[in-house]
Amino acid sequence: MEGGTNVKCQVAIVGSGMAGLVTAYLLNQDPERRYNVEVFEIGEQLSLDSSSLTVPNPETGNTDRIDLPMRAFSGGFYNNLKAMYDFLGVNYRPQHFLFGFSSIASKLSCTSQKPQERLHFLHSSNNHILFPMRPQTATLISHLFEIGYLIVWYAWFTICCFLVPPLPYESFRSYIRRTHLPRYFVSSYLLPLFSSVATCPHEALLEFPAHDLIDYKKKTNGDQHYTIYGGVNQVERKLSQGLQIRKSAKVVSVEPQAQGTRVCWESTLETPRSDTSEAIFDRVILAVPPNVVQAIFKPLQYEMSQIPTISVQSVVHADETTFGRLSGTDILHSLRARTLMKGSDAQIIYLRTFTEGEPHTESIHVQPSGLLVTTCPISVINPAKTTQRSTFTRVLRTPQSRQIITDIFNRTSSGPQVHQEKNRTQWRNGNEGVWLVGGWCWDGMVLLEGCIVSSMIVADAFGVEIPWKCCP
């Protein structure tokens, strides 16, 4: 590629999630054909859609696609994702949701003869149901009081988001205290809603940079939710077309050399021989979580160890006892709900907050097929009614990890350093021919938009034009 020759630059991309496939697509579509791209995937399927499944829908007689994890997105925050979908011809549609906020004392209360769960409120996304439905266990007076309470404090929180900017590297916990948000509003509504997006416990969410959550709120305020027709496999199919993909290949090390970078991998297939293979590439792109980068790329072992990750589980099942049919919190079978939702495409999402010990919210998403998807499950799910269990790695954010990522991506710090250990490796993205992409590789919530933005940054550094370029 260099020196006027026609030799292509050899590029390895480790990981086939959204960031890996978008980066591979962009480099593979380079009009000058300068890059020979090979994608390494540890599994037998591309990881972007590997956990999703197709299920029959008894009501329509057709089949539905359940995306795991959930791939709904909203306008404002996901500008580059939407621009890419539009360019690829991926069809998406507006989607309404009905959120049920409830609290329960402990896991044992789920199986108690006298459940102590309380359904606080039913919120329709974008207020598509003008007057909020009254929970079965709420009196009219208590329901009106709850509506008034939420109007006041949600309006106050929204005003703060636009008029009270977070301090440099301030945590969300500190921001909540500084803006005087009441405990009940925070624990029963604000944290459950945000934790359903970030899929993490409340305590971890409180340690997020306030910048992330306030920015997300500002950009999604009042905007519509969308889902993809036919599921995210439509995206995976378009992005992966024509790519050279090495499946069942576990990359065990990425080692910069004097000339190029050595990638070593092992086959994950059960074969008599498990020898390690290796190849030299001109450039390597790591599209994997920080814990994987830590394991395979020595120059970043310390930095990656400081970026927290957790495992998140999603369960597809048909156990309706998990959303409280005996405790008055059942929305799905409520006659009042059915009447108000008649003719609506709204999907129900139960947000159940367990308050004992470390508060944690589980999300139960009722699918059009009637199946349920429980994310971050706490309540006991009947194994006999379970269709599939999937586990994902969720990258968490803290002011300290935000500083590390700011350093790695060579962005200008907007405040005092919160990460001042001496003798830290001053590695920058692209050093030694190695690059990082992923939902965590930008200054914001760890969501799909980060995958697109980080991939666009790398493609731009490679001199490749981004055909859908929207907002860098």
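Strand E1 (residues 9-14) and strand E2 (residues 35-40) run parallel and are joined by six bridges; strands here are DSSP runs of at least two residues, helices (H or I) of at least four, both numbered from the N terminus. This is a predicted model, where local features need pLDDT of at least 70, side-chain atom pairs count only at pLDDT 80 or more, and totals for chains, interfaces and linings use all residues. Residues are numbered from 1 along each chain as its sequence is written, and side-chain values use heavy atoms, leaving out hydrogens and water.

**The parallel sheet**
- Five strands make an open, parallel sheet in the order E10-E2-E1-E14-E20 (strands pair if DSSP finds at least two bridges between them).
- Strand E10 (244-246) and strand E20 (434-436) each have a single partner strand, so one side of each lacks a neighbour in the sheet.

**Helix H1 and its neighbours**
- Helix H1 (residues 18-28) packs against helix H8 (residues 233-240) at about 35 degrees, with axes 9 Å apart; axes are lines fitted to C-alpha atoms, for helices over the stretch in contact, and angles run from 0 to 180 degrees between N-to-C directions.
- Met18, Leu21, Val22 and Tyr25 of H1 meet Val235, Glu236, Lys238, Leu239 and Ser240 of H8 (contact means heavy atoms within 4.5 Å).

**The mixed sheet**
- Seven strands form another open sheet, ordered E8-E7-E16-E17-E18-E15-E19, with mixed pairing.
- Its edge strands are E8 (118-124) and E19 (386-395).
- Strand E17 (residues 360-366) pairs with strand E18 (residues 372-375) in the antiparallel sense over four bridges, and Ile364 has Thr374 of E18 as its bridge partner.
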